[in-house]
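Below is a briefing on selected residues and on the contact between two chains. The sequence and structure come first.

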Amino acid sequence: MVLLQSPAVRVALSVAIATGLYGLSFGALSVAAGLDLAQTMALSLLLFSGGSQFAFIGVIAGGGSGISAMSASALLGIRNGVYGMQVNVLLRPPRWQKLPAAHLTIDESVATATGQADPAEQRRGFWAAGIGVFVLWNVFTLVGALAGNAMGDPARWGLDGAAVAAFLGLLWPRIRAKEPAAIAVVCAVVTLVAVPLVPPGVPILIAAVVAALLGLSGLGPATEGLEPDVEPYPSESGSAGKGTA
Amino acid sequence: MTLWGWILLACAVSIATKFLGFLVPAKLLDNPRMLRVAGSLTIGLLAALTAVNAFASGQSLVLDARVAALGAAAVALWLKAPFLVVVAVGALAAAVARLLGAA
């Protein structure tokens, strides 16, 4: 197999397996948050961006409204617009490929592509990681949701603790310096101060405004926060996925 | 609007956001300020979601079994455990804390 000899495709496969497995926890937590199986699958098939999906169900689980959940997920997805621009410059896809490429534009596919130097390898890496993650993410979401449905009361199994761990796990790899850590602490404190004052879900949106202002004011290096959840090239200590395109 | 409506709207917004990047000229998004805002938004939202899921119960702040999950997950991440292990450790810590009498 020529494809399996491509370094980018090999990286993409391991990224797809690791990321796909996240889908297990997303599926289980989504049904625990009160979404049904079809709603959970709609998010994985159509929204297809792990952080935004976790954000949506995280707000719903906390008693937030649909509009708060949608807003949190939309704001967390803004970075995908930046990635889309990078992929467009990097791969120069023909017009008919733009929509499928856009749908597969996520942290992991972009990081896999930008970590390669050769344009053909960048292209293979992007499509292999994008398609691989899409297939496995959806398969494991289904498995997780079915398992979650069978488990019943979420608190009994510590699934609410699993949600806390999942969000911390998504945040952790993005904090590599003092400035992003400061942003994280400020936003967490702002959120907790706001919890008793405004309806559920809204504190997260207030934190988003604060984060955007901190970003505008120039706190932190330009590409902090744009790291993939699964680092495709761990030995290069974070040079991949930083939007160097 | 029903939950289904918000779910489908969130999906449409996600696809539109990604596609927009393919349509606009690179110059528009490729400036340090835009990258900074996208990056700090991502960090700020994930920090806010972590805090809410750990300490909020409706509109009140509580200390319950989820604090154990937060601490255990932090230790697992510090030990460089993979994501799925971190999630499982969080669930286990919350379940054990409840067995030991935490709310």
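**Briefing: selected residues and the A–B contact**

Beyond its neighbours within four places in sequence, Val11(A) is in contact with Thr112(A), Gly125(A), Pro232(A) and Tyr233(A); two residues are in contact if their C-beta atoms, placed from the backbone, lie within 7 Å. The model is predicted: local features need pLDDT of at least 70, side-chain atom pairs count only at pLDDT 80 or more, and totals for chains, interfaces and linings use all residues. Residues are numbered from 1 along each chain as its sequence is written, while chains are lettered from A and ligands numbered from 1 in the order in which they are written.

**Val11(A)**

- Val11(A) belongs to helix H1 (residues 7-32) of chain A; helices (H or I, at least four residues) and strands (E, at least two) are DSSP runs, numbered from the N terminus.
- Val11(A) counts as buried because 24 C-beta neighbours lie inside 10 Å. A residue is buried if 20 or more other C-beta atoms lie within 10 Å of its own, exposed if 12 or fewer, and partly exposed in between, with C-beta atoms placed from the backbone.
- From Val11(A) to Ala194(A), 183 residues apart in sequence, the C-alpha to C-alpha distance is 42 Å.

**Contact between chains A and B**

- In chain A, 92 residues are in contact with 70 residues of chain B.
- Helix H9 (residues 159-171) of chain A gives the most to the side of chain A that touches chain B, with 13 residues.
- That side of chain A has 59 nonpolar, 27 polar and six charged residues. Here Ala, Val, Leu, Ile, Met, Phe, Trp, Tyr, Cys and Pro count as nonpolar, Asp, Glu, Lys and Arg as charged, and the others, Gly among them, as polar.

**Ala69(B)**

- Ala69(B) is placed in helix H4 of chain B and counts as buried because it has 32 C-beta neighbours inside 10 Å.
- Not counting residues up to four places away in sequence, Ala69(B) touches Gly158(A), Gly161(A), Val164(A) and Ala165(A) in chain A, and Gly90(B), Ala93(B) and Ala94(B) in chain B.
- Ala69(B) and Ala95(B) are 26 residues apart along the chain, and their C-alpha atoms are separated by 8.7 Å.

**Positive phi values**

- Most residues other than glycine have a negative phi.
- Phe48(A) has a positive phi, near 40 degrees, and sits in the loop between helix H2 (37-47) and helix H3 (50-61) of chain A. Phe48(A) is buried, with 23 other C-beta atoms within 10 Å.
- Lys80(B) has a positive phi, near 65 degrees, and lies in the loop between helix H4 (65-78) and helix H5 (83-99) of chain B. Lys80(B) counts as exposed, with 10 C-beta neighbours inside 10 Å.
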